[in-house]
Amino acid sequence: MRLKTFALLVTTLPALALAKPLTVCTDANPEGFDFVQYYSLVTTNASADVLFSRLVDYDSTTSKVVPGVAESWSVSDDGETWTFKLRKDVQFGTADWFKPARTLNADDVVFTFDRMLNTQSAWYKTSPNGYPTAQSLQLPKLVKAVKKVDDNTVQFQLNYPDATFLQTLTMGFASIYSAEYANKLGVAKAGDLNTKPVGSGPFVLKSFQKDAVIRYDANPAYYGGKPKAEKLIYAITPDATVRLQRIKAGECQIALAPKPLDIQAARGDKNLKVVENSAFMTAFVAINSQHKPLDNPLVRQAINTAFDAKTYLKVVFDGTAQDASRPYPPNTWSFDKDLGDYNYDPAKAKELLKKAGLPNGFETTIWTRPTGSVLNPNPKAGAELLQSDLAKVGIKATIKTIEWGELIKRGKAGEHDLLFMGWAGDNGDPDNFFTPQFSCAAVQSGTNFARYCDPQLDKLITDGKRTADLAQRTKIYRNAQKIIFDQAVWVPLAYPTAYAITRSNVTGYHVSPFGRQDFAGVSVN
């Protein structure tokens, strides 16, 4: 059935090219389109980034928060009240299933956040997956109330100051939903938000065929100006080699997440361009600290010491990434370069296992995805390298290859032992890594894949957000990095460079350091 679907897509794409669509070869299916239920980058790119808008956005070129649907904002002297003035010309897109009767206003902002944060709201209970990002960032604890001042003014009242609050609102989960559409659906049909979304972003969803294609139309009413491409097509192509073949054949104008070898091949093709940017991302293996014997820090340290990270980096990334040692890249403020590293030392790993009472090792599992991505270009090779290194010190690991959507779901539930994963920050702030990946709240929401909850670390993460003083935050975050390093809850793998391949006739496309996609200004000449 999949082969037939693929064949149909190939035959229809050239005909669509007459309308000059922008066709993007992507690497996986989104989990859905109601993004507040999810947190993976694949789903962000298919929903939040193309269908929705946010109060504010983050400009990675200037490292500043810039206006979105809010044209201006202010904060009280005590840092606990944020007031946003909304633009008056923001239109929701007209979809086949809904025609908006009004522009975006304060009611939409209140509905959006009330749904995620108000446990007493009937809408709060409509997400079967909860609200993982909002919960991991502890927004229900932070936000006291979201109030409509007038149609074009919204006020957020916080329980305490938070230095990351404004940047947090640039993240995909903070996309603004239509209260008018929600009222039309009613709670009983809330599932339509996931399959029939309505947003105020640059594109409008037309259709989604799993494992094949997502089709979007340009939103002519988009407040940022009508997108240059009349149609946007995501050609879902899990195999990176096939993505390269398809862009060479002109079936795609942009291919995401290319393999290192494909990047070199594209550089030698005059019809293609390689676009790149240093990424605010970290690839890692999460060690489930709630599973025995992985709950023992000596065992986790042994795993880190047994792994030949330099060979992994060479084989899997082939010169397209830096060796990782901390939760976030070294060009991030507060990165502690003097903390040290776990060097490859099988003899020491055996000593650590013996000290942990496991002189003969133990059995475990390695979970990975079947197809490559920016954060894991060659999942099979990476898993086999880790498996081989662990075997040398007596740890027998079985590799489990699980489809991306299922991997995320089961990883969130904490079913894994060792999990190849990656994290992309949204706005350059270290807390983009600390809170979602290492806080106790994130264990409950599922984004903390190491399942590690430590009161001392949790307090440091909280303290880091409650002060705006950069020097103080830096000191706090260096202390947090030491705990994470000593406890060895991750095997840090790589700080990748983000790449994409485009056809030479594509203009206006830029690679985001956060892995997010903006196709509104992209055109095919």
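Trainee: How much space lies in the largest cavity?
Mentor: The largest cavity holds about 710 Å³ of space. A cavity is a set of points, on a 1 Å grid over the protein atoms alone, where a 1.4 Å probe fits but cannot get out. Its volume is the space filled by probe spheres set on the points, with grid points joined across faces, edges and corners.

Trainee: What kind of model is this, and how are residues numbered?
Mentor: This is a predicted model, in which local features need pLDDT of at least 70 and side-chain atom pairs count only at pLDDT 80 or more, while totals for chains, interfaces and linings use all residues. Residues are numbered from 1 along each chain as its sequence is written, and side-chain values use heavy atoms, with hydrogens and water left out.

Trainee: Back to the largest cavity: which residues are the closest to its centre?
Mentor: Ser40, Leu41, Val42, Leu375 and Ala424 are the closest to the centre, out of 50 residues that line the largest cavity. A lining residue has an atom within 4 Å of a point.

Trainee: Which elements give two or more residues to that lining?
Mentor: They are helix H2 (41-51), strand E13 (281-287), helix H15 (404-412), strand E17 (418-424) and strand E18 (490-503). Helices (H or I, at least four residues) and strands (E, at least two) are DSSP runs, numbered from the N terminus.

Trainee: How do the residues of that lining divide?
Mentor: The lining of the largest cavity has 33 nonpolar, 13 polar and four charged residues. Here Ala, Val, Leu, Ile, Met, Phe, Trp, Tyr, Cys and Pro count as nonpolar, Asp, Glu, Lys and Arg as charged, and the others, Gly among them, as polar.

Trainee: How many cavities are there of 30 Å³ or more?
Mentor: The count comes to six cavities of 30 Å³ or more. The second largest cavity has a volume of about 80 Å³. It is lined by 13 residues, of which Pro258, Val374, Pro377, Thr497 and Tyr499 are the closest to its centre.

Trainee: What about the largest pocket?
Mentor: About 900 Å³ of space lies in the largest pocket. A pocket is an open set of grid points with protein on both sides within 12 Å along at least five of seven lines. It is lined by 30 residues, and Asp57, Tyr58, Asp59, Gln517 and Asp518 are the closest to its centre. E2 gives the most to this lining, with three residues. The lining of the largest pocket has 11 nonpolar, 12 polar and seven charged residues.

Trainee: Changing topic, how many disulfides does the structure hold?
Mentor: It holds two disulfides, where a disulfide is a pair of cysteine sulfur atoms within 2.5 Å. One joins Cys25 and Cys252, with their sulfur atoms 1.8 Å apart. This pair links distant parts of the chain, 227 residues apart: Cys25 is in strand E1 (residues 22-26), and Cys252 is in the loop between helix H9 (240-248) and strand E11 (254-256).

Trainee: Is Cys25 buried or exposed?
Mentor: Cys25 is buried, with a relative accessible area of 0%, and Cys252 is buried as well, also at 0%. Buried means under 20% relative accessible area, exposed over 50%, and partly exposed in between (1.4 Å probe, protein chains only).

Trainee: And which cysteine does the other disulfide join to Cys440?
Mentor: Cys440 is joined to Cys453, with an S to S distance of 2.0 Å. The torsion about this S-S bond is about 95°, so the disulfide is right-handed. Cys440 counts as buried at 17% relative accessibility, whereas Cys453 is partly exposed at 45%.

Trainee: Now the rings: how many aromatic pairs are there?
Mentor: The structure holds 30 aromatic pairs. Rings of Phe, Tyr and Trp (its six-membered ring) pair if their centres lie within 6.5 Å; planes under 30 degrees apart count as stacked, over 60 as edge-to-face and the rest as tilted.

Trainee: Why is the pair of Tyr342 and Phe485 stacked?
Mentor: The ring centres of Tyr342 and Phe485 are 4.6 Å apart and the planes are at 25°, so the pair is stacked.

Trainee: Which residue lies over the face of Tyr160?
Mentor: Arg466 lies over the face of Tyr160, at 3.6 Å from the ring centre. Likewise, Arg115 lies over the face of Tyr177, at 5.7 Å from the ring centre. A charge sits over a ring if NZ of Lys or CZ of Arg is within 6 Å of the ring centre and within 35 degrees of the ring normal.
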